[in-house]
Every structure is written in C-alpha cells, then in structure tokens.
Amino acid sequence: MAERSVLVTGGTGGLGGAVVTAFVEAGWRVVVPERQPRPGSDPAADGLVRLSADLSDPAGAARAVEAAAGEPAAPLRAVVNLVGGYASGGLVHETPIEEFERMLTLNLRPTYLVTQAALPHLVAAGGGAVVCVSARAAVAPFPGAAGYVTAKAAVLAFANAVAVEYRSRNVRCNTVLPSVIDSPANRAAQPDADHSRWVAPAEIATVIRFLASTESAPTSGATVPVYGRA
C-alpha cells in the first residue's frame with residue numbers, strides 16, 4: 001500500500017509516461033488527470049489513478065487535486081507540473097497576440113491553477129514538493145518562439161515565487177529545464193537531427209522523482225538543467 005501520493009499533470013505526454021512509471025516503480029500512489037480519457041488508458045498498475053479533468057479550468061484543477069489528496073493513508077506529498085506545449089512562429093512583430101497568449105495559457109495557467117489548489121494540502125500534510133517543467137529556452141532563447149520562451153520563463157519565475165513563499169511551511173518548489181526531449185513527436189518533427197544528443201524521458205523522470213522525494217529535502221528554488229548533450 002502506497003504511503004504517499006503524487007499528482008502528475010501531463011502524465012500521458014512524451015515525458016509524462018516516463019514520469020508516471022518512475023513514481024509507480026518507487027511505490028507512490030500516482031494520480032494522473034486527463035482532459036479526455038484515451039482508449040486503453042485504464043490503470044495498468046497498482047496505485048495508478050486516472051481521472052478526467054480540464055486543468056485550464058479552476059474547477060477542474062481543484063477536482064484533480066482533491067482526488068490526489070483524497071486517500072488518507074497516502075497523503076498528497078508532491079505535485080509534478082508537466083502540462084505544456086510548443087509552437088513556433090515568426091518574429092515578435094509577426095506574431096499575433098492570440099498566438100502569444102495561447103502559449104501562456106497552455107504552459108502557465110494549468111501550472112498555476114494546480115499548484116494553487118495543491119498548496120493547502122501539502123501544507124496540511126506537513127510539507128511536500130512541487131516540481132515544474134520549464135525549458136532551456138527560458139534562459140537561452142532562440143528566435144521565432146517568443147510566446148513559448150516567455151511562457152516557460154514565466155513558469156520558472158512562478159516556481160521561484162512558490163519556493164520563497166512556502167519555504168517556512170516546509171513546501172519546496174524546484175524546476176527542471178529540458179533541452180530537446182527524445183520523444184516520438186520531436187523525432188517526427190526533426191527526423192534529420194542527431195537524436196543521440198537529445199535527453200531521454202526516463203533520464204528526466206529520474207531527476208523529477210528525486211526532486212519530489214525527501215532525498216532532496218535541502219533543495220528548493222533550484223533550476224536544474226536536463227540537457228543531455230543537446
């Protein structure tokens with residue numbers, strides 16, 4: 001029987017599957033909200049809970065958190081914010097405000113809403129950890145993706161704010177910054193790239209699990225590069 005729960009948003013994505021597996025194998029109760037349940041997405045392991053929730057909606061985020069915190073024997077001790085997405089475009093003067101704001105909504109809004117709803121539960125449980133996923137682009141921008149770059153930088157800033165505000169309440173918040181993740185979608189988008197230089201999802205998942213665990217108890221407000229050789 002699991003003694004602690006983790007809420008993993010974006011748990012069905014290219015990185016999410018590896019993160020879910022890492023926590024299940026470590027004995028956590030893992031709660032994975034999905035906007036639309038996918039065929040064949042029934043729980044495949046003990047301790048894995050799936051539910052339908054729109055994390056861009058405050059009520060949906062709250063429902064997902066309540067499910068994660070709803071097992072008294074396994075209190076919510078960690079939140080992993082993986083929901084996000086990428087879109088390229090033109091230079092800033094060529095990018096419509098709607099496209100710019102869409103990146104903020106996709107990458108920042110669910111992270112804010114889920115973390116906001118989870119913090120009281122983490123405090124009530126005696127502490128815990130929040131792990132956010134930004135991107136190397138947040139600290140090393142490239143042209144043609146101002147919305148994405150800004151959104152990922154905002155995720156990083158938000159995580160640092162949480163780390164400062166909840167430090168005295170024993171809640172830690174850290175951020176990982178991937179480069180290019182070796183996912184099927186990225187391989188399809190860049191078939192001629194040197195995929196051996198990209199970072200594998202399982203490698204990132206190990207870092208995330210460490211940051212969520214008590215093994216990283218002294219660490220909060222960290223920005224952790226997970227670049228591989230990219």
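**Exercise 1. Find which residues line the largest cavity of this predicted model, and which of them lie nearest its centre.**

Solution. The lining of the largest cavity is made by 14 residues, and Ala-87, Ser-88, Gly-89, Thr-95 and Glu-99 are those that lie nearest its centre. The model is a predicted one, and the count of cavities of 30 Å³ or more comes to one. Its volume, that of the largest cavity, is about 100 Å³. Turning next to the elements around the largest cavity, one finds that helix 3 (97-107) and helix 5 (146-165) each supply at least two residues of the lining, and that the largest share, four residues, comes from helix 3. Sorted by class, the lining of the largest cavity holds six nonpolar, six polar and two charged residues.

**Exercise 2. Describe the largest pocket by its volume, by the residues nearest its centre and by the element that gives the most to its lining.**

Solution. Begin with the volume of the largest pocket, which is about 1,300 Å³. The largest pocket is lined by 43 residues, and Leu-82, Val-83, Gly-84, Gly-85 and Tyr-86 lie nearest its centre. At least two lining residues of the largest pocket come from each of strand 2 (29-34), helix 3, helix 5 and helix 6 (184-189), and helix 6 gives the most, with four residues. By class, the lining of the largest pocket has 21 nonpolar, 16 polar and six charged residues.

**Exercise 3. Give the volume of the second largest pocket and the classes of the residues in its lining.**

Solution. The second largest pocket has a volume of about 240 Å³. Of the 17 residues that line the second largest pocket, Gly-127, Gly-128, Asn-170, Arg-172 and Thr-214 are the closest to its centre. Strand 5 (128-133) and strand 6 (171-178) each supply at least two residues of this lining, which divides into six nonpolar, seven polar and four charged residues.

**Exercise 4. Work out how helix 2 and helix 4 cross, and which residues make their contact.**

Solution. Two packed helices are described by the angle and the distance between their axes. The axes of helix 2 (residues 58-68) and helix 4 (residues 109-124) come within 9 Å and cross at roughly 45 degrees, and therefore helix 2 is oblique to helix 4. The crossing of helix 2 and helix 4 is right-handed. Helix 2 brings Pro-58, Ala-61, Ala-62, Val-65 and Glu-66 to the contact, while helix 4 brings Arg-109, Leu-113, Val-114, Ala-117, Ala-118 and His-121. Taken by class, the contact of helix 2 with helix 4 has eight nonpolar, one polar and two charged residues.

Conventions
Residues numbered from 1 in each chain as written. Predicted model: local features only at pLDDT ≥ 70, side-chain atom pairs only at ≥ 80, totals over all residues. Heavy atoms only, no water. 1 Å grid on protein atoms, 1.4 Å probe; cavity = no way out; pocket = protein on both sides within 12 Å on 5 of 7 lines; lining within 4 Å. Points joined across faces, edges and corners; volume = space filled by probe spheres on them. Nonpolar A, V, L, I, M, F, W, Y, C, P; charged D, E, K, R; others polar. Axes fitted to C-alpha atoms, helices over the stretch in contact; angles between N-to-C directions. Parallel < 35°, antiparallel > 145°, perpendicular 65-115°, else oblique. Left-handed = near helix turned anticlockwise from the far one by under 90°. Contact = heavy atoms within 4.5 Å.
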